[in-house]
Amino acid sequence: MSERDEHETDTATEAFVTHRNLLFTVAYEMLGSATDAEDVLQETWLRWVGVDFETVLSPRAFLVRIITRQALKRLRTLGRRKESYVGPWLPEPLLTVPDVAEDVELADSVSMAMLLVLETLSPTERAVFVLREVFALDYEEIAEAVGKTSGTVRQIAHRARAHVAARRPRGTGTPAEHRAALQAFQTAVETGDLQGLLDILAPDVVALSDGGGVKHALLRPVVGADKVARLLAVGWWKREAERSVEPVQINGGPGLLIRVDGEIDGVLAVRVENGCVTGAYHVRNPEKLAGVEREIVVSR
């Protein structure tokens, strides 16, 4: 390898490492899957090292363009896969670093609730919304990434923004308030305190679970404080096994890591609004739990 080739390889590696967390976050928000996001990252790297770097004005913009295109291809494949998915589908949870909660907009964008809203968009709408609203790319950059004109991208962005605004949760409160709500929720769950659960659950709370056809899970959403409280108080927690519950940060928000006989059995991500739990997202599918074995950095 010549000195020039070595220099270009070093330059490519440095740029990729610098923007890796950003690229992962773009892919994850588009796909809702850490496993697929990592695959897309690898595909992006293979294309990046083959680029003529003398033509690259902005490595960040160029890398975002590559990963967006690869993620769009993967997203369309995932759509077909989800059609045959056994039981309810939830995004793959991430064990995120504590700093994420301090960036309210980033934490909201990777939350389980928001990812479920993004699932209702078309692949192109999702890409445009993520790149514009979360990462603040200009319309020309997004147009390059999704293969549309900037005028078309503006229309897509407007449509996607209105769609999300009508469906997105309206969470309020500080990370400290979220932690306090999680503590009350955890205590009530661990002790089977029905009244404690009724006190912390919002009247219209929704519980969803994903077992992927491998683990026991709810077949449909459970709605309402009374039904959800009874489910949590006398449901999975009362089965015979040595269980432990650890408070963690899941997708930038409060959550519980559940172990059975010392092994990770699932994650319960919690949506907190105005001091009450409004959403409980229980992921038990073993194929979706790799992202909670270690902390993952997401960034903008």
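Predicted model: local features only at pLDDT ≥ 70, side-chain atom pairs only at ≥ 80, totals over all residues.
**Strand S5 and its partners**

Let us start with S5, the strand spanning residues 263-273. Nine of its eleven residues are buried, which leaves the strand mostly covered. S5 pairs with strand S4 (residues 253-260) in an antiparallel arrangement held by six bridges. Strand S6 (residues 276-283) is also antiparallel to S5, and seven bridges link the two.

Each pairing can be followed at a named pair of residues. Gly255 has Ala269 in S5 as its bridge partner.

| Hairpin | Residues between the strands | Residue with positive phi |
|---|---|---|
| S4 and S5 | two residues | Asp261, near 50 degrees |
| S5 and S6 | two residues | Asn274, near 55 degrees |

As a general point for viewing these strands, side chains in a regular strand alternate between the two faces of the sheet.

**Ser109 in helix H4**

Now for a helical residue. Ser109 belongs to helix H4, which covers residues 104-110. Is Ser109 buried or exposed? Its relative accessible area is 5%, and the cut-off for buried is under 20%, so Ser109 counts as buried. Leaving aside residues up to four places away in sequence, Ser109 touches Glu29, Met114, Leu115 and Val134.

Key. Residues numbered from 1 in each chain as written. Heavy atoms only, no water. Buried < 20%, exposed > 50% of the residue type's maximum accessible area, 1.4 Å probe, protein only. Helix = DSSP H or I, 4+ residues; strand = E, 2+ residues; numbered from the N terminus. Pairing = 2+ DSSP bridges. Contact = heavy atoms within 4.5 Å.
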